[in-house]
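Here are my notes on the structure, for reading beside the coordinates. They go point by point.

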Amino acid sequence: MAGKKIIIGADPSGFDLKNTVKSYLCEKGYHVDDITAEAPTGYCDVGDTVGKKISDKEYDLGFIFCGTGMGVSIAANKHFGVYCGVCESVTTAKLCKAINNCNVLSMGGLLITPFKAKMMVDAFLGAEFSQNFSEATPDELKSGYSDIQKAEKRIFNR
């Protein structure tokens with residue numbers, strides 16, 4: 001997983017948590033491109049920029065932050081091929097990848113502690129789509145993901 005290209009960004013309410021996660025990822029050996037390295041920007045800009053770069057396949061994974069995680073997630077999810085999960089627990093961070101194959105994780109700087117954010121990052125990065133979820137078979141999860149992709153192609157005319 002360390003070879004994955006990661007993009008990260010935050011608005012003012014998520015900026016400190018973003019810096020914590022960025023440092024943590026770098027300590028673990030990941031290369032992280034930070035679109036808000038110097039200063040935070042508005043949540044719509046963060047979500048839109050990260051969403052576009054993930055959609056264009058410039059990056060494999062993204063981490064985005066605002067006050068609740070919801071605003072950046074809404075903006076990111078407007079892009080084709082972006083599956084951004086707003087998570088508030090270690091369990092949801094794991095399951096958003098295992099069940100929904102999310103490629104962007106969104107967190108709220110007003111809600112998540114730095115320690116918990118690191119655990120969520122590990123859960124997200126360590127999870128594999130359609131694996132280790134006891135409530136559905138891998139084939140059921142893959143079928144659901146395929147249905148989402150079909151709907152997405154219809155909506156985006158791709």
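1. **A charged pair across the chain.** Asp122 counts as partly exposed, at 31% relative accessibility. This is a predicted model. Asp122 forms a salt bridge with Lys28, and the closest N and O atoms are 3.5 Å apart. The pair links distant parts of the chain, 94 residues apart. Lys28 sits in the loop between helix H1 (15-27) and E2, while Asp122 belongs to helix H5 (residues 114-126). Lys28 is also partly exposed, with 40% relative accessibility. Side chains of opposite charge can pair when their charged atoms come close.

2. **The other salt bridges.** How many salt bridges are there by this rule? The count comes to five. One of them joins Lys52 to Asp56, with the closest N and O atoms 2.7 Å apart. Lys52 is partly exposed at 43% relative accessibility. Asp56 is partly exposed too, with a relative accessible area of 40%. Another salt bridge brings together the side chains of Glu58 and Lys53, at 3.4 Å from N to O. Glu58 counts as partly exposed at 34% relative accessibility. Lys53 has a relative accessible area of 26%. Finally, a network of salt bridges links Lys18, Lys22 and Asp34.

3. **The sheet.** Five strands form an open sheet. Their order is E2-E1-E3-E5-E4, and the pairing is parallel. Which strands stand at the edges? They are strand E2 (32-34) and strand E4 (84-86). Each has a single partner strand, so one side of each is left without a neighbour in the sheet. Neighbouring strands of this sheet are turned by 20° against each other on average, direction ignored. Strands of a sheet pair through backbone hydrogen bonds, either parallel or antiparallel.

4. E1 and E2 run parallel and are joined by three bridges. Ile8 stands opposite Asp34 in E2. Asp34 is also part of the salt-bridge network with Lys18 and Lys22. E4 pairs with strand E5 (residues 104-108) in the parallel sense, over three bridges. Here Gly85 stands opposite Leu105 in E5.

5. **Strand E1.** Is E1 mostly covered or mostly open? E1 is mostly covered: five of its five residues are buried. Ile6, Ile8 and Ala10 point one way from E1. Ile7 and Gly9 point the other way. Both groups are buried.

6. Lys4 lies in the segment before E1. Lys4 is partly exposed, with a relative accessible area of 35%. Which residues does Lys4 touch, not counting those up to four places away in sequence? They are His31, Asp60 and Leu61. Lys4 and Asp60 are 56 residues apart along the chain, yet their C-alpha atoms are separated by 5.9 Å.

7. **Helix H2 on the sheet.** Helix H2 (residues 43-55) lies across strand E1 (6-10), strand E3 (61-66) and E5. H2 runs at about 175° to E3.

8. **Helix H4.** Which residues of helix H4 (residues 90-100) are buried? Ala93, Cys96, Lys97 and Ala98 are. Note the lysine in that set. The cover over the buried residues of H4 includes E3, E5, H5 and helix H6 (138-156). Just after H4, Asn101 takes a positive phi of about 55°.

9. **A nonpolar surface patch.** Met70, Ile74 and Val86 form a nonpolar patch on the surface. Together they have about 260 Å² of accessible area. Met70 is found in helix H3 (residues 70-76). Met70 is partly exposed, with a relative accessible area of 44%. The patch rule asks for over 30% relative accessible area.

Definitions and conventions: Residues numbered from 1 in each chain as written. Predicted model: local features only at pLDDT ≥ 70, side-chain atom pairs only at ≥ 80, totals over all residues. Heavy atoms only, no water. Patch = residues over 30% accessible without salt bridge, like charges linked within 9 Å, V, L, I, M, F, W, Y side chains within 5 Å. Areas by Shrake-Rupley, 256 points an atom, 1.4 Å probe, with all protein chains shown as cover. Salt bridge = Lys/Arg side-chain N within 4 Å of Asp/Glu carboxyl O. Helix = DSSP H or I, 4+ residues; strand = E, 2+ residues; numbered from the N terminus. Buried < 20%, exposed > 50% of the residue type's maximum accessible area, 1.4 Å probe, protein only. Pairing = 2+ DSSP bridges. Axes fitted to C-alpha atoms, helices over the stretch in contact; angles between N-to-C directions. Contact = heavy atoms within 4.5 Å.
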